[in-house]
Amino acid sequence: MAGKVSPIKAGLACRCPACGEGPVFKSFLEIAPRCTACGADFSKADAGDGPAFFVMFILAIIIMPPVLLVQIVFAPPVWVHAILWTPLIVLLGAWLLRPFKSIMFALQWKHNAADVRWTGSDGHSS
Ligand SMILES: [Zn+2]
């Protein structure tokens, strides 16, 4: 079954990118050390800040039209905006972060991406 799992499907379901069965997360946003179903080692891949960037980008696109609409139609004081949008942004962000992190992890898994390390072997270092 290895290699047949779609990284997007496994990512959206927050499942192991190798077998599609075991959960990727051991807590809300922490990647498990290995798959409980197939034993795949998850310790090599880390999406870092990537998911947060995409979630912020998408949130901005989702949130800005209603914010502008409310401002144009009602012109409320600033504190109304703060009360309206802050919880929405936090909840949407938390809701989106898990599948995004899982998808990026699954894509890294599929394409064998690991940390880029400086080897210093190309002759340019001193
Ligand atoms: Zn697995």
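Five aromatic pairs are found in this structure, which is a predicted model. One of them joins Phe42 and Phe105, whose ring centres lie 5.1 Å apart with the planes at 80°, so this pair is edge-to-face. Phe42 sits in the loop between helix H1 (7-12) and helix H2 (50-74), while Phe105 belongs to helix H3 (residues 78-110), so the pair ties together parts that are 63 residues apart in sequence.

**Aromatic pairs**

- Phe42 is buried, at a relative accessible area of 1%.
- Phe105 also counts as buried, with 1% relative accessibility; the cut-off for buried is under 20% relative accessible area.
- Phe53 and Phe54 make another edge-to-face pair, with 5.5 Å from centre to centre and 75° between the planes.
- Phe53 is partly exposed, with a relative accessible area of 48%.
- Phe54 is partly exposed as well, with a relative accessible area of 37%.
- Phe42, Phe105 and Trp109 are linked by ring pairs into a cluster.

**Helix H3**

- H3 consists of 33 residues. From its first C-alpha to its last, H3 reaches 45 Å, close to the 48 Å expected at 1.5 Å a residue.
- H3 has a kink of about 30° at Leu97, shortly before the proline Pro99.
- Pro99 is itself one of the buried residues of H3.
- Other buried positions in H3 include His81, Trp85, Leu92, Gly93 and Leu96.
- H1 and H2 are included in what covers the buried residues of H3.

**Chain as a whole**

- The chain contains three helices and zero strands, and along the sequence its pattern reads α-α-α.
- Of the 126 residues in the chain, 30% are buried.
- Taking contacts between residues at least 6 apart in sequence, 52% join residues at least 24 apart.
- The chain has an accessible surface of about 8600 Å², and carbon and sulfur atoms account for 68% of this area.

Conventions:
Residues are numbered from 1 along each chain as its sequence is written. This is a predicted model: local features need pLDDT of at least 70, side-chain atom pairs count only at pLDDT 80 or more; totals for chains, interfaces and linings use all residues. Side-chain values use heavy atoms; hydrogens and water are left out. Helices (H or I, at least four residues) and strands (E, at least two) are DSSP runs, numbered from the N terminus. Buried means under 20% relative accessible area, exposed over 50%, partly exposed in between (1.4 Å probe, protein chains only). Contact means heavy atoms within 4.5 Å. Accessible areas come from the Shrake-Rupley method with a 1.4 Å probe; for residues, only the protein chains shown count as cover. Rings of Phe, Tyr and Trp (its six-membered ring) pair if their centres lie within 6.5 Å; planes under 30 degrees apart count as stacked, over 60 as edge-to-face and the rest as tilted. The expected span of a helix is 1.5 Å times one less than its number of residues. The bend at a residue is the angle between axes fitted to the seven residues ending there and the seven starting there.
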